[in-house]
Amino acid sequence: HGNEIRAVAAHCGGDLIASASAALTSAAASVWIWSRSQSWKPLGQLVGATLTVTALEFTPESAERDCLLAASRDRHVCLFAPASASSARGEFSSESWRLVTRFKAHDREIFAASWAPCGTLFATAGRDKKIKIWRWTGDTCALEIEFPKFDAAPTAVAFAPVDLGLTLAIGFDDGAINVFTCGQHTTSAWTLVARTAPNERHGAAIRDVKWQPRAPYALASCANDHAVHVYDYTA
């Protein structure tokens, strides 16, 4: 890349890496795909965003097909996937992958995005202080639920491993972290089940949150205060 790298994602198969850099034009906002097995040879670019891509994530291993989620400062989400739904996972060429859909997701720039373990739902977080859950079906995305507007802007999101059901961790620009869950039979009712105590918060905006992939579950966070926190989590 010619500019500062702003987002990176690894495919669950371990061979593909997606990356994106700071961009003020659509020409510079392309997502690059690289291959570990080919000495990190660039395989091609995916075009869709018009400003800096701020979040990249491939569908998880449990998903039925490959898809790359790309959220950006232009307030839009792009989904890239193989042209054929039956394509083998983990294989890429610029001829076989395409822009499936692009849509406006937030009223201000998007800070973060994350796939749910099912690979059909994903969350987005924006400067407009909103969290939205979207459902990907075929070549379209539909809004599943929009959380009530928060007091602070959500800057990081991560779905927990499948064993914890639909559990979403959200980091905010005031240093706080909240955890929400929803019932097994609906995705329209989310409940706040955990939050950081005032003395356990970061001192600045959260940059990222990540779940430990297996029990005993923990949640790690990093922030602009140059600190890393690890929190125990009990469902």
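**Notes on the strands, cores and loops**

1. Strand S14 (residues 167-172) has six of its six residues buried, so it is largely enclosed by the rest of the structure. Buried here means under 20% relative accessible area, exposed means over 50%, and partly exposed is in between (1.4 Å probe, protein chains only). Strands (E, at least two residues) are DSSP runs, numbered from the N terminus.

2. Before going on, a word on what we're looking at. This is a predicted model, in which local features need pLDDT of at least 70 and side-chain atom pairs count only at pLDDT 80 or more, while totals for chains, interfaces and linings use all residues. Residues are numbered from 1 along each chain as its sequence is written, and side-chain values use heavy atoms, with hydrogens and water left out.

3. Back to S14. In a regular strand the side chains alternate between the two faces of the sheet. Both faces of S14 are covered: Thr167, Ala169 and Gly171 are buried on one side, and Leu168, Ile170 and Phe172 are buried on the other.

4. What does S14 pair with? Strand S13 (residues 154-159) runs antiparallel to S14 and is joined to it by five bridges, with Val157 partnered by Ile170. S14 is also joined to strand S15 (residues 177-182) by five bridges, again antiparallel, and here Thr167 has Thr181 as its bridge partner. Pairing requires that DSSP finds at least two bridges between two strands. The hairpin of S14 and S15 has four residues between the strands, and Gly175 in it takes a positive phi near 90°.

5. Now the packing. The largest nonpolar core has 21 residues, and Ile131, Ile133, Phe147, Phe159, Leu168, Ile170 and Trp190 touch the most other members. At least two residues of this core come from each of S10, strand S11 (131-137), S13, S14 and S15. Another core, of 20 residues, lies apart from it and includes Ala9, Ala49, Leu68 and Trp97. By nonpolar core I mean a set of buried Ala, Val, Leu, Ile, Met, Phe, Trp, Tyr and Cys residues joined through side-chain atoms within 4.5 Å.

6. Leaving aside neighbours within four places in sequence, Phe147 is in contact (heavy atoms within 4.5 Å) with Ile131, Ile133, Leu168, Ile170, Phe180 and Trp190.

7. There is also a four-strand open sheet, in the order S9-S10-S11-S12, with antiparallel pairing. Strand S9 (110-115) and strand S12 (140-146) are at the edges with a single partner strand each, so one side of each has no neighbour in the sheet. S9 pairs with strand S10 (residues 121-126) over five bridges, in the antiparallel sense, and Ile110 stands opposite Gly126.

8. Among the loops, Thr196 sits between strand S16 (190-195) and strand S17 (206-211). Thr196 counts as buried, at 8% relative accessibility. Not counting residues up to four places away in sequence, Thr196 touches Ala176, Ile177, Arg201 and Tyr231.

9. Some backbone details to check. Ala215 and Pro216 are joined by a cis peptide bond, with omega about -5°; Pro216 is in the loop between S17 and strand S18 (218-223). Ser39, not a glycine, has a positive phi near 55°. Ser39 lies in the loop between strand S3 (31-35) and strand S4 (41-46) and counts as exposed at 67% relative accessibility. Arg75, another non-glycine, has a positive phi of about 75°. The loop between strand S6 (68-72) and strand S7 (76-82) holds Arg75, which is partly exposed with a relative accessible area of 36%.
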